[in-house]
Amino acid sequence: MEYIIHFFILIPLVGFLFSLLLNKRNEKLISGVSFVTIGVHFIFSLFFVSIWLIYGMKQIDFKEFSIFRSGNYDFYIDIHFDVITMTFLIVGSLLTFLVSGFSRFYLHREHGYKRFFTTLLFFFIGYNIIIFSGNLETMFLGWEILGISSFLLIAFYRERYLPVKNAVKVFSIYRIGDVGLILAMWLSHHFWQANISFKQMADYQSFNEHLSQHSLIGIIISLLIYMSAAAKSAQLPFSSWLPRAMEGPTPSSAIFYGSLSVHIGAFVMMRTFPFWEHQTSFRIFVIIIGILTSIFAILTSRVQSSIKSQIAYSSMAQIGLIFIEIALGFQEVALIHIAGNAFLRTYQLLVSPSVISYKIREQFYNFVPHQKTIEDSWPKRFEYTIYMLSLKEWNIDSIMYTRFWNPLKRFGNKLNFLTFKNVFIFFFIFMGIGFSLLFNDTLISKELLVYIPTFFAFIGLVSVIKAFTERNSVRLSWSLVIINHFFVALAISFNAHFDYSHILLYLSGVVVSGIVGFLCIQRLRGLEKWVSLDKFYGHSYEHPKITTVFFMACLGLSAFPITPTFIGIDLIFSHIHEEQVLLAFFVALSFILNGLAVIRIYARIFLGPHVKKYHSIAKRSF
Amino acid sequence: MEFYKESTYNEINVLKKLQKFLPFQAPLKDFVFQNILLSFQDQEFHEALRKASSIFGYKNYLKLEEFRAFQKNGVISNEVLEKIIVSKYGEEQLVFWLDKILHKEYKGKINSRIGVVRDHWKEHFKIDLDSLVHPILFRIICSYLDQGISIWNFPAGNNGFLSSLRELEKNSLTSFFKNDRAKKLLIEDKCSLSELLEILVGNEKNYEHYLFDQQFAHPGWSGMVAFIEMNPDSLLDKKKITLSELIQFELLLEIDALDSYFTDIWSPLCHKIKLEFEGVFDPVPENEYFEVLSVLQEAYEWTYYDNVLSGLLKSSNIEKITEKSFQVAFCIDDRECSLRRYIEQVDSNSETFGTPGHFNVEFYFQPEHSNFYTKVCPAPITPKFLIKEYEKSTKVKKDFHFSNRANGLVLGWIYTHTLGFWSVFKLFASIFKPSKTASFVTSSKHMDPTSILTIDSVGEVSESGLKIGFTLEEMVLRVSNLFQSIGLTENFASTMYFIGHGSSSANNPFYATMDCGACSCRPGSVNARVISFMANKPEVRAELKKIGIHIPDSTQFIGGLHDTARDQILFYDEGILSKENLIKHNENKLVFLHALQLNSKERSRRFMSINTKDSAERIHKKILTRTVSLFEPRPELDHATASLCIVGKRNLTKNIFLDRRAFLNSYDYSIDPDGKMLLPILNAATPVCGGINLNYYFSKVDNQNLGAGTKLPHNVMGLFGVSNGIDGDLRPGLPIQMVELHDPVRLLMIVEHFPDVVLKVIQENITTYEWYENKWINLIVVHPENKTLFFFDKGRFSPYSPTDMRINSIDNVNTLVESTHLNLPVYLLNNN
């Protein structure tokens with residue numbers, strides 16, 4: 001059985017690699033490859049599941065292989081299969097199969113036909129890695145793939161303004177979710193003194209003693225996992241991204257935001273349930289947020305006058321209920337609910353264009369003007385207030401802006417003295433200080449030494465904040481992201497038990513991607529007179545090749561699993577001590593922001609409405 | 001007497017101008033084809049395009065590279081190009097202009113005037129008003145206008161947009177505004193346009209420009225509001241709103257956004273910026289780039305026109321049919337062009353006609369159980385009659401997926417657990433075995449085939465000011481005019497069909513665009529039944545006899561509906577047929593069936609999912625599946641490629657292959673020497689065909705701004721429009737899936753009559769004349785006696801002859817249509 005499980009990830013991987021090679025004009029072959037790949041996967045899943053059911057549904061869990069090992073640090077791939085995986089496998093495989101069949105014809109002649117299907121397969125790989133993951137590290141791998149494929153599908157119409165803007169917005173929320181996972185990995189690594197699997201986590205006996213001593217850490221780990229889950233499943237306060245993600249072709253919205261991607265948060269909660277099962281206060285917390293989300297979402301859904309946002313909010317309300325079911329311990333109920341909700345919303349979204357003809361026809365024959373709803377019986381002041389708040393989506397979106405992004409921007413604008421020309425002077429000064437301290441650490445007192453890593457992490461954070469808020473120079477922004485990585489590395493170097501090879505591993509991807517990205521920017525500057533970050537430039541229209549290369553560089557620089565930096569990030573965290581909370585916070589925030597800064601650079605230069613207006617370009621509001 | 005302060009800003013004028021230039025945006029349920037640049041139609045075509053480009057930034061031609069590529073591969077003929085240059089600039093300038101047209105580099109970047117003033121908020125003050133104001137503005141308007149998507153409707157009455165908002169703001173603990181000032185201005189009603197503009201803009205000189213900038217940042221919503229203001233009946237659930245109210249509210253939101261942004265008191269935009277701005281409609285300087293494009297556009301058009309005209313001149317005269325098997329009148333619609341050819345091919349004794357698909361009967365139709373009237377005649381006509389339907393036998397299908405309950409919390413929980421699982425089966429079936437579902441819309445449901453219609457007048461009974469049914473005289477007038485207009489006054493066959501048309505599609509918000517344009521984008525089924533009923537009436541025939549139209553007693557008329565997507569014909573009232581006619585009718589049905597199959601084969605050459613080399617029968621089955629498939633964004637191609645309108649005898653076109661690109665209107669000049677019948681034909685055909693053609697033209701050349709973009713990400717807003725995503729502007733125009741095959745050439749109107757008669761006729765109606773005078777449609781007259789051509793230019797007709805008379809002929813259409821999916825040139829059809 002164990003051996004066979006590999007195929008669930010191998011099949012889509014092979015399909016994906018193969019479809020990368022295809023000519024983008026050969027529609028039949030491109031969609032054929034996806035359709036067959038996912039079809040085979042589905043049939044294979046059915047066989048596997050039937051056999052598994054017949055042979056007694058024994059939980060499967062095994063360690064696949066270690067990607068990187070050093071001391072008690074072991075980044076390994078772990079595979080897990082149980083009834084939760086089974087449900088997600090069948091639902092996911094079936095829906096992806098159907099949607100790929102649907103899209104074969106639906107997307108005919110669309111620019112980006114190949115992009116759509118390869119992204120779909122890429123998503124499917126990520127989805128399978130997550131549902132089969134047996135530990136947080138493996139899950140994180142799939143998590144990142146899911147995040148990037150979401151970004152690509154939301155920004156599928158990359159020549160328009162709103163899809164790109166919303167893709168960046170969704171990516172920023174996903175990134176917060178990523179950090180939840182990283183910090184959870186960090187803490188659990190300290191908690192168990194090793195990298196452990198979900199199965200070990202579930203082994204209540206082994207950590208019961210631990211937990212009583214570290215009950216706070218236990219709660220924090222749960223909260224961090226919850227943060228990731230809530231971000232992916234659009235629970236409060238991360239809700240506002242879900243309707244805004246509906247920018248791609250309808251089938252992709254259906255499968256991502258109607259069904260699979262949005263239920264992944266619920267999956268994470270179920271997978272980690274044995275860990276937080278005994279934390280009553282945390283369970284109550286999940287239930288309360290679930291109730292709030294459901295109420296918020298259902299009220300907002302009732303006032304939506306566009307079909308897709310209505311479906312999105314209704315789905316969100318059901319997911320709120322699903323979270324409650326999970327927290328109450330009704331696993332089976334939740335699983336059935338997830339499947340039903342995924343099926344229903346996928347179909348509702350796919351037929352959403354029909355709503356005009358259907359409802360107009362219905363009204364034509366049975367028109368009742370000014371239909372009263374339950375809200376009309378409420379006191380007027382109360383009714384109007386709730387209505388207006390629901391229409392404004394309870395200000396969730398603007399609160400995120402005013403409370404989080406705007407202060408960051410204001411802070412970044414204070415750093416306007418930095419330019420591309422002088423930034424390296426600052427860099428070398430601080431690095432010089434850092435290195436001299438590092439090699440002469442006997443010179444400074446022990447008390448002071450504790451604060452030094454935090455100090456350099458803060459310098460790193462400052463540089464990435466500037467990178468994220470820079471309005472003009474692309475090169476400055478890009479350099480600052482690289483500089484951020486160096487300061488993080490420097491900061492960690494002060495910690496004990498530090499191994500140079502770890503830093504090397506971490507920085508290798510950064511340096512290579514940094515240089516590649518830099519070359520792309522230089523090349524583009526040579527071709528175009530003016531590139532900056534003040535607006536969208538849309539250069540992918542004329543320079544698709546530079547776009548692709550630069551995108552890979554962006555992935556590398558934001559620690560996506562294509563370079564060793566991906567493991568490096570986790571490794572860096574493992575060197576942060578349990579009590580260095582501020583350091584962990586700075587590094588985590590840096591991690592969120594450098595991903596955002598990089599994606600922002602990519603979006604501003606290459607995506608959005610093309611700055612050269614010699615061809616038909618959509619208005620910004622379209 | 002009071003002296004008016006001299007003012008550069010006139011509010012009423014500006015609002016009128018905005019109304020005029022905003023896109024014409026009817027709710028999708030009644031799509032109306034119209035020239036997208038209608039507001040420029042009082043100017044010459046190329047001049048108008050140049051102005052519209054420079055003012056609004058539209059791309060009004062194909063790209064220069066596209067034209068040049070056409071020239072290289074012969075789509076634009078060099079001879080035609082040179083001829084046009086010579087006629088425009090003279091022989092000696094030929095080389096000079098040729099070089100510019102074919103080789104000179106142009107940047108092609110258009111800096112539009114729209115946006116210039118308002119952009120200064122962003123450029124100088126780094127505030128992005130659009131992103132702060134648009135999302136909430138769109139959501140509030142959409143909720144106010146919503147026709148039935150939201151479950152909880154806009155609660156504060158329907159007494160006008162602003163007063164409803166005022167009511168909300170007064171009685172709520174929260175506000176749409178972040179600061180007190182804007183809220184106060186609204187509640188205290190101190191928000192006239194000029195008051196608000198004074199706060200925001202300051203300088204009266206720039207008010208107009210600012211408002212244009214602001215409204216054209218979201219032309220879709222503004223256009224929709226402007227349309228609803230003018231046509232409140234276009235919404236089933238009527239809403240009171242004016243464009244001015246929308247602008248006022250938007251200005252308030254802008255003031256509010258600026259209040260939040262500037263911590264201090266801020267002064268109006270034009271007090272801070274001391275710049276002189278061009279007026280929106282200041283003269284637009286000439287520009288060589290547009291000159292080059294216009295010459296290439298002409299060359300592109302005339303290469304095609306010449307090909308068509310050569311075909312018309314070379315086609316041989318046809319022998320008269322002696323024994324007519326049956327006659328059939330279709331709509332002039334370009335989609336019937338090929339079906340008529342196949343019917344004549346399958347049964348060479350049949351005779352076909354084309355006439356606007358409302359068959360000269362104009363009325364409102366009220367289906368049983370409905371509270372609404374549907375107009376079924378050309379959009380400009382306002383009918384005085386009502387036809388009601390009784391004894392309907394069919395019912396509307398329900399589908400829980402569209403039910404509000406599925407989106408509730410508790411019921412939603414139940415729905416997801418039960419019917420949620422049913423959806424996956426439906427989804428599975430919809431992909432592997434598509435069949436009719438609630439998403440399927442079909443024109444055959446417009447009227448129940450067995451229902452009873454109130455066609456006979458029942459005296460002076462009226463409903464909502466409409467007369468129910470037609471009196472005898474009213475019938476005679478309509479029937480006689482129809483027959484005279486198509487030139488059929490004798491030699492009636494024993495059965496004659498009036499076939500209206502409509503369409504079918506699944507999962508398609510643009511379903512209304514595909515029905516009959518002459519019936520206000522509704523199926524023509526009721527009209528076909530009504531006209532047949534009238535023509536069958538013995539009293540009507542007796543009256544017709546008096547004016548020289550002899551219809552034999554044995555002749556019977558039958559109405560029908562051609563489904564242009566499914567290629568099926570539904571016949572009505574077959575029960576009235578006499579025994580002999582019934583036998584013939586059953587034979588005719590086989591002719592129709594065969595012709596429809598061949599027609600679907602010809603259509604299938606444009607569809608990737610169907611192999612055109614298959615047998616016609618099998619292709620027809622696949623076409624049926626195609627129309628019920630949820631995943632098929634192109635159930636049919638509608639009017640794509642339509643670029644000709646030919647008014648004349650069938651003889652003129654019977655033997656040429658026009659590739660479904662022609663509106664064909666039957667007309668016999670010989671019984672209408674002074675053009676009395678021609679006048680209504682041109683008055684109807686000109687705006688309908690020209691409107692369709694130019695809607696396609698502009699949706700194609702600037703699909704991103706004048707069209708609706710791709711339809712795949714569309715999100716339905718309020719049941720009246722579509723947008724991308726949830727925060728986007730409404731999209732006007734046609735989606736790329738409908739226009740991608742269209743060649744953007746202006747319509748060529750060809751009339752068979754004497755030039756002086758045609759000139760007199762077109763001059764009679766000023767709005768019709770404008771189309772030709774300003775060249776939004778090109779006009780050619782075929783002299784009926786010697787078949788010479790005359791081209792209408794600068795107010796008069798002058799002789800014209802095509803540059804290249806070469807034309808190919810073919811024996812078999814089937815092999816031709818199997819050969820390519822691209823547009824085909826004109827061919828002569830050899831009669832065997």
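This is a predicted model: local features need pLDDT of at least 70, side-chain atom pairs count only at pLDDT 80 or more; totals for chains, interfaces and linings use all residues.
Trainee: Where do I start with chain B? What secondary structure does chain B have?

Mentor: Start with the counts. Chain B has 28 helices and 24 strands. The C-alpha atoms fill a box of roughly 90 × 80 × 65 Å along the principal axes.

Trainee: What share of the residues of chain B counts as buried?

Mentor: Burial here is a neighbour count: 20 or more other C-beta atoms within 10 Å. By that test, 55% of the 832 residues are buried. Check the contacts too. Take those between residues at least 6 apart in sequence: 73% of them join residues at least 24 apart.

Trainee: Which domains does the assignment give for chain B?

Mentor: Domain 1 spans 114–272. Domain 2 comes in two pieces, 324–397 and 437–641. Domain 3 covers 400–432. The centres of domain 1 and domain 3 of chain B are 38 Å apart, taken over C-alpha atoms.

Trainee: Now a sheet. How do I read strand order?

Mentor: Begin with the general idea. Strands of a sheet pair through backbone hydrogen bonds, either parallel or antiparallel. Now the case in chain B. Five strands form an open sheet, ordered β2-β1-β10-β12-β13, with mixed pairing. From one strand to the next, the twist averages 25 degrees.

Trainee: Which pairs in that sheet run parallel, and which antiparallel?

Mentor: Go pair by pair. β1 (residues 327–330) of chain B runs parallel to β10(B), with three bridges. In that pairing, B:Gln327 has B:Met496 as its bridge partner. β10(B) is also parallel to β12 (residues 556–563) of chain B, over eight bridges. There, B:Gly502 stands opposite B:Asp563. β12(B) and β13(B) run antiparallel, joined by four bridges. One facing pair to inspect is B:His562 and B:Ile569.

Trainee: Is β10(B) mostly covered or mostly open?

Mentor: Mostly covered. Eight of the eight residues in β10(B), 495–502, are buried. Next, sort the residues by direction. B:Thr495, B:Tyr497, B:Ile499 and B:His501 point one way. B:Met496, B:Phe498, B:Gly500 and B:Gly502 point the other way. Both sets are buried.

Trainee: Which helices lie across these strands?

Mentor: Look at two. Helix α16 (residues 337–346) of chain B lies across β1, β2 and β12 of chain B. Its direction is at about 165 degrees to β2(B). Helix α20 (residues 525–536) of chain B lies across β10 and β12 of chain B. α20 runs at about 175 degrees to β12(B). These angles compare N-to-C directions.

Trainee: Last feature. How many residues of chain B are in contact with chain A?

Mentor: Count each side separately. On chain B there are 94 residues, in contact with 91 residues of chain A. Then ask which elements contribute. α7 (129–145), α17 (410–417), α18 (419–432) and β17 (714–717) of chain B each supply at least two residues. α18(B) gives the most, with nine residues.

Methods. Residues are numbered from 1 along each chain as its sequence is written. Chains are lettered from A and ligands numbered from 1 in the order in which they are written. A residue is buried if 20 or more other C-beta atoms lie within 10 Å of its own, exposed if 12 or fewer, and partly exposed in between; C-beta atoms are placed from the backbone. Two strands pair if DSSP finds at least two bridges between them. Axes are lines fitted to C-alpha atoms, for helices over the stretch in contact, and angles run from 0 to 180 degrees between N-to-C directions. Two residues are in contact if their C-beta atoms, placed from the backbone, lie within 7 Å. Domain bounds come from an automatic or database domain assignment.
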